[in-house]
Amino acid sequence: MTERSILPETLPIDPWWDLYMPATFGEPAAVLDALEAAEAMTPLSARGDFYAVAARAFAVLGRSVEAERLAGQAFRIGGAEADALATFLCPDGIERATKRLQGGGRPGARADSGCDLAALLVQLGRVDAAGEAIDQALAVCPGHAEASRWRRFLGEADVMNQVRLARDPRRARRGPAARDAVDLLPTRRTGWLSAERYHRRVLSNQPQAAWAPAGTGLGRLQDAGVSVCFFALDHEYARTAPDHPLVALELDADALRARVEEGRDARDGAAALWAAVASDPEAQQDAAQLLVALATLDARLAAIGLEAALWLTLHQPDRGLLWEGYLAWLSHLAGLSSAVERARSLATTRPMEPLAWKMAVEVLRAEGHHDEAELYARAARVEPALSALACDLLQDPVPTPVRMVVSGRLTPRWPRAPRPPRRSRGH
């Protein structure tokens with residue numbers, strides 16, 4: 001994916017949204033319809049980019065003949081996307097990717113090219129050279145998420161073995177490095193686009209979305225591949241400088257989430273984020289909610305999750321019961337004896353916050369108190385707020401781990417000041 005994807009020109013379709021994405025859902029008819037519409041409204045000389053993306057789409061669909069035909073047309077017409085695709089289909093791919101990395105344009109697009117270059121090099125066994133490409137990418141675009149994941153992958157002990165295993169993803173997902181190899185290496189079945197980039201550059205964007213200038217906070221976040229913001233809204237970052245402290249927090253939060261999703265130990269990153277927000281109560285509130293949710297995904301974060309949940313009980317008393325539920329569950333994950341007593345207290349508290357009640361009952365089940373948990377669930381069947389959860393628990397006697405995902409920020413960080421009242425004409 002190239003600079004043109006970051007700053008899309010006016011086209012009758014968004015190539016990635018209308019061609020590539022339907023292909024990933026196995027919908028060839030949608031791809032053909034979009035391609036036909038684009039051809040009808042675009043002169044031949046301007047079709048290079050969407051022909052290149054269409055070639056990727058047909059590769060995903062397993063239709064190699066159409067993919068090769070469209071790639072050939074894209075190469076004859078030319079364009080940024082055509083050049084990006086040629087990186088993987090032409091013998092001079094390494095030179096093409098190097099030129100894009102070292103050329104001009106958006107930092108994010110250049111760093112993307114550095115990741116393409118690393119993919120080509122590592123599959124040739126040139127791990128050190130791939131590392132140098134990633135170093136250049138991160139120098140061009142500090143915090144670039146895909147390049148950062150490449151850096152973590154290249155730091156693993158068995159890189160080449162995982163590269164070989166990644167050719168069959170069914171065999172490869174056995175640890176962080178294995179998942180890295182599958183998600184970072186473009187293949188024919190992915191249309192020569194890494195899964196990491198697909199999630200960060202395609203799924204996260206609206207079609208024909210206009211990117212913010214690189215000299216803004218939002219532009220910096222977009223270049224890095226950050227798609228979910230926790231400390232302010234997109235339009236607020238569009239008015240901030242790229243070196244604003246909250247932009248740095250967003251990059252840290254995104255890197256923390258990435259490590260958790262990759263299965264890596266994220267304790268140091270979590271502690272650093274929590275320390276970084278200590279002097280900003282509003283940012284601390286946002287970070288605390290993120291840390292509590294991430295701790296449900298990785299028990300190694302239970303201790304800092306408990307600290308964050310306790311902070312929330314003190315600073316969000318209107319949602320105290322919810323945070324008490326998290327305290328019970330995270331106490332269980334941390335192996336604390338207080339987990340059962342916290343759960344018992346919550347299970348009998350009324351009125352009750354449904355999610356907190358569910359966590360309390362799950363703690364009891366996970367701690368081996370199945371009869372007690374069933375007793376609370378049976379009693380709750382007659383309570384409108386809890387009946388659905390209670391019935392679900394009774395139907396599934398196996399303890400279910402509580403795994404939460406926190407959404408991005410929904411309210412403005414800096415509400416606009418009200419306009420002063422207009423003077424009447426009589427004054």
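# A chat about cores, helices and one arginine

Me: Hi! Starting simple: how many disulfides are there?
Reply: Zero disulfides turn up here. One thing to keep in mind is that this is a predicted model.

Me: What's a disulfide, anyway?
Reply: It is a covalent bond linking the sulfur atoms of two cysteines.

Me: And why does C90 count as partly exposed?
Reply: C90 has 22% relative accessibility, and partly exposed covers the range between under 20% for buried and over 50% for exposed. C391 also counts as partly exposed, because its relative accessibility is 31%.

Me: Let's switch to helices. Is α6 mostly covered or mostly open, and how many of its residues are buried?
Reply: Helix α6, residues 80–89, is mostly covered, with seven of its ten residues buried.

Me: Which ones are buried?
Reply: In α6 they are E81, A82, A84, L85, A86, T87 and F88.

Me: Now the largest nonpolar core. Which residues touch the most other members?
Reply: That core has 65 residues, and the ones touching the most other members are F231, Y237, L273, W274, V292, L301 and W357. Helix α19, residues 281–297, gives this core its largest share, eight residues. Apart from that core lies another one of 31 residues, including M21, F58, A59 and F88.

Me: What does W274 touch?
Reply: Leaving out residues up to four places away in sequence, W274 touches Q284, A287, A288, L291, I304, E307, A308 and W311.

Me: Back to helices: how do α8 and α10 cross?
Reply: The axes of α8 (residues 107–123) and α10 (residues 145–154) come within 9 Å and cross at roughly 30°. Angles under 35 degrees count as roughly parallel, so α8 and α10 are roughly parallel to each other.

Me: Which residues make that contact?
Reply: From α8 there are D112, C115, A118, A119 and V122, and from α10 there are E146, A147, W150 and L154. By type, the contact of α8 with α10 has seven nonpolar residues, no polar ones and two charged.

Me: Last topic, R259. Where is it?
Reply: R259 is in helix α17, which spans residues 245–262.

Me: Is R259 buried, exposed or in between, and why?
Reply: R259 is partly exposed, because its relative accessible area is 28%, while buried would need under 20%.

Me: And what is R259 in contact with?
Reply: Setting aside neighbours within four places in sequence, R259 is in contact with R152, R264, D265 and A266. The C-alpha atoms of R259 and G269 are separated by 8.7 Å, and these two residues are ten residues apart along the chain.

Notes:
Residues numbered from 1 in each chain as written. Predicted model: local features only at pLDDT ≥ 70, side-chain atom pairs only at ≥ 80, totals over all residues. Heavy atoms only, no water. Disulfide = S-S within 2.5 Å. Buried < 20%, exposed > 50% of the residue type's maximum accessible area, 1.4 Å probe, protein only. Helix = DSSP H or I, 4+ residues; strand = E, 2+ residues; numbered from the N terminus. Core = buried A, V, L, I, M, F, W, Y, C linked by side-chain atoms within 4.5 Å. Contact = heavy atoms within 4.5 Å. Axes fitted to C-alpha atoms, helices over the stretch in contact; angles between N-to-C directions. Parallel < 35°, antiparallel > 145°, perpendicular 65-115°, else oblique. Nonpolar A, V, L, I, M, F, W, Y, C, P; charged D, E, K, R; others polar.
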